[in-house]
Amino acid sequence: MELILQDDYSGAVAEETLLIKNQKSLESFFSKINKTRKPGLPVPEIDFEKDMLLIWCAGETTAANTGLVFQKETSESFLISKSKAKDNSKTTAITSPFRIYKLPLSDKKIAIE
């Protein structure tokens, strides 16, 4: 699992996870997050014949440095856990961060603990 992009504004109010397996879905996500950005973030170049993307939006939060960590792969799923900031630092700014991870294309379930 490789982190390819992260930012502090996704527009998501609640936590959500998206599995992107085609260019159209990726462009749809970027049109949402780029609505209020000038210039917008560039859409990454992904070969969807061999890779897929996991997009994790944390929702509105004041926590800093959250993300996902790959734990292990089983025959049926990828097990992933949420990471937390080491010093539990908080900020007064409300952000809605997102992280985009690249994974090898698979039909396995993604389980986030």
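Contact means heavy atoms within 4.5 Å. The legends below describe a predicted model.

**Figure 1. Contacts across the protein chain.** Among contacts between residues at least 6 apart in sequence, 77% join residues at least 24 apart. The chain has one helix and nine strands. Its radius of gyration is 14 Å, close to the 13 Å that the globule rule gives for 113 residues, so the chain is as compact as a globular protein of that length. Read from the N terminus, the order of elements is β-β-α-β-β-β-β-β-β-β. Taken along the principal axes, the box filled by the C-alpha atoms is roughly 40 × 35 × 20 Å.

Figure 2. Of the 113 residues, 35% are buried. The accessible surface is about 7000 Å². Carbon and sulfur atoms account for 49% of that surface. The chain carries 16 positive and 16 negative charges.

Figure 3. Strand β6 covers residues 77-83, and S81 is part of it. S81 has a relative accessible area of 14%. The cut-off for buried is under 20%, so S81 counts as buried. Its side chain makes a polar contact with the side chain of Q71, at 2.6 Å. Residues up to four places away in sequence are set aside for the next list. On that basis, S81 touches G67, L68, V69, Q71 and E113.

Figure 4. Helix α1 spans 23-33 and strand β3 spans 51-57, with N34 in the loop between them. N34 has a relative accessible area of 15%. With the cut-off at under 20%, N34 is buried because its value is 15%. A polar atom of the N34 side chain lies 2.7 Å from the backbone nitrogen of L41. Leaving aside neighbours within four places in sequence, N34 is in contact with G40 and L41.

Figure 5. S81 sits in a strand, β6, whereas N34 sits in a loop. S81 is buried at 14% relative accessible area, and N34 is buried at 15%. For N34, the 2.7 Å approach is to a backbone atom, the nitrogen of L41.

Terms used: Residues numbered from 1 in each chain as written. Predicted model: local features only at pLDDT ≥ 70, side-chain atom pairs only at ≥ 80, totals over all residues. Heavy atoms only, no water. Helix = DSSP H or I, 4+ residues; strand = E, 2+ residues; numbered from the N terminus. Buried < 20%, exposed > 50% of the residue type's maximum accessible area, 1.4 Å probe, protein only. Polar contact = N/O pair within 3.5 Å; in protein donor to acceptor, adjacent residues only side chain to side chain. Rg over C-alpha atoms; globule rule 2.2 N^0.38 Å. Areas by Shrake-Rupley, 256 points an atom, 1.4 Å probe, with all protein chains shown as cover. Lys, Arg positive; Asp, Glu negative; His and termini not counted. Charge placed at Lys NZ, Arg CZ, Asp CG, Glu CD.
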